[in-house]
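Student: Hi! Could we go through this structure together, starting with the charged side chains?
Tutor: Happy to. Let's get it on screen.

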Amino acid sequence: MKTDIEPTSSSAGSPPKVATRSTGRAGDKIFLGLSRGSGIALLVIMAAIAVFLAYRAAIAISKDEANFLTAFEWNTGSTPMRFGIAVLAYGTVVSSIIAMVIAVPIAVGIALFISHYAPRRLATPVAYVIDLLAAVPSIVYGLWGALFLVPHLTGLYTWMDEYLGWTKILSYQGGAARSLFTVGILLAIMILPIVTSVSREVFRQVPKMHEEAALALGATRWEVVRMAVLPFGRSGIISASMLGLGRALGETMAVATVLSPSYLINVSLLDPGGGTFAQNIASHFKEANDNGRDALIASGLVLFVITLLVNGAARMIIARRKEYSGTAA
């Protein structure tokens, strides 16, 4: 936009008129075209993935002699094929919920400590270490979980069985701790950096005037956090949690390394067995025939839809508060 100021002779004291004239620059047009093309290309890629998954899933489901949504088996090598996603859906959802219950309170506490309690000399290295956890490959988490976490959870499982076994959900029959509860603990460690980083940035955007006003009225530091920081960052915490949930739903190698898979739904979360969508695909894809791969793609379609819904919900929550979308910067 080019602005020309033209004086007017209507009156001596009247302000000058401002005439605007739009000038198209080649750089702006190129940038607009690249930006628009990138957005359209992303939509096309997502649509192509969805169409491919839906097409291959339709082929597999048409050959399935069992109920795809409720069957407790996965026999894609038999004739006719019989497979279902009931166990996989249950394991994926339950392990992700366990991870969220463990990770979100710890992540919010760490974010508050870094942003409002810790001195700068301590907050910087702690934040760096937390962010560094996101760079650790999934297979490394899986090896650590199988070689260290699983053997050391036996004592915890025994204690939970002694005091909480009456609930049946936390009863323990012995054996290796390769259960959905172990998977949930491992996933909680893996999503901790995501939830912590997003929550920390949200807490840093709290207007200083709100905190100073609360302190001026005699509020303690905890009362400032409770009355000013947490209400302001509620939507950001929810969106960060949903982003972490999306990571937990699609985790593959770590779950496949730790979990002892089976196609039964156990009442107790501490009993070995269960499965997730990503773990099942990683475990069976190499040895599956064409029909088996179509069946795995069908289960991947369900995971694709669930992940899209989670990420879409997170974006909707972020859009409700402009402070978190960067438009107020």
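Tutor: This is a predicted model, and in it Arg56 and Asp294 meet through their side chains in a salt bridge, 2.4 Å from N to O.
Student: Which helices do Arg56 and Asp294 lie in?
Tutor: Arg56 lies in helix α1 and Asp294 in helix α11 (residues 290-320), so this pair ties together parts that are 238 residues apart in sequence.
Student: And is Asp294 buried or exposed?
Tutor: Asp294 is buried, with a relative accessible area of 7%.
Student: Nice. How many salt bridges does the count come to?
Tutor: The count comes to six. Among them is a bridge between the side chains of Arg200 and Asp131, at 3.3 Å from N to O.
Student: What does the Arg200 and Asp131 pair tie together?
Tutor: Arg200 lies in helix α6 and Asp131 in helix α3 (residues 120-133), so the pair ties together parts that are 69 residues apart in sequence. Arg200 counts as buried at 6% relative accessibility, while Asp131 is partly exposed at 33%.
Student: Which residues are linked with them in a network of salt bridges?
Tutor: The network links Asp131 and Arg200 with Glu201 and Arg204.
Student: Which residue does Glu251 form a salt bridge with?
Tutor: Arg247, with the closest N and O atoms 3.3 Å apart. Glu251 is buried, at 6% relative accessibility, and Arg247 is partly exposed, with a relative accessible area of 25%.
Student: What does Thr196 touch?
Tutor: Leaving aside residues up to four places away in sequence, Thr196 touches Ala107, Ile110, Ala111 and Ile130.
Student: Okay, new topic: the surface. Which residues make the nonpolar patch?
Tutor: Leu42, Ile45, Met46, Ile49 and Leu308 make a nonpolar surface patch of about 410 Å².
Student: Where does the largest share of that patch come from?
Tutor: From helix α1 (residues 26-63), which supplies four residues. Leu42 has its place in that helix.
Student: And is Leu42 buried or exposed?
Tutor: Exposed, with a relative accessible area of 51%. The label applies because the cut-off for exposed is over 50%.
Student: Great, thanks!

Notes
Residues numbered from 1 in each chain as written. Predicted model: local features only at pLDDT ≥ 70, side-chain atom pairs only at ≥ 80, totals over all residues. Heavy atoms only, no water. Patch = residues over 30% accessible without salt bridge, like charges linked within 9 Å, V, L, I, M, F, W, Y side chains within 5 Å. Areas by Shrake-Rupley, 256 points an atom, 1.4 Å probe, with all protein chains shown as cover. Salt bridge = Lys/Arg side-chain N within 4 Å of Asp/Glu carboxyl O. Helix = DSSP H or I, 4+ residues; strand = E, 2+ residues; numbered from the N terminus. Buried < 20%, exposed > 50% of the residue type's maximum accessible area, 1.4 Å probe, protein only. Contact = heavy atoms within 4.5 Å.
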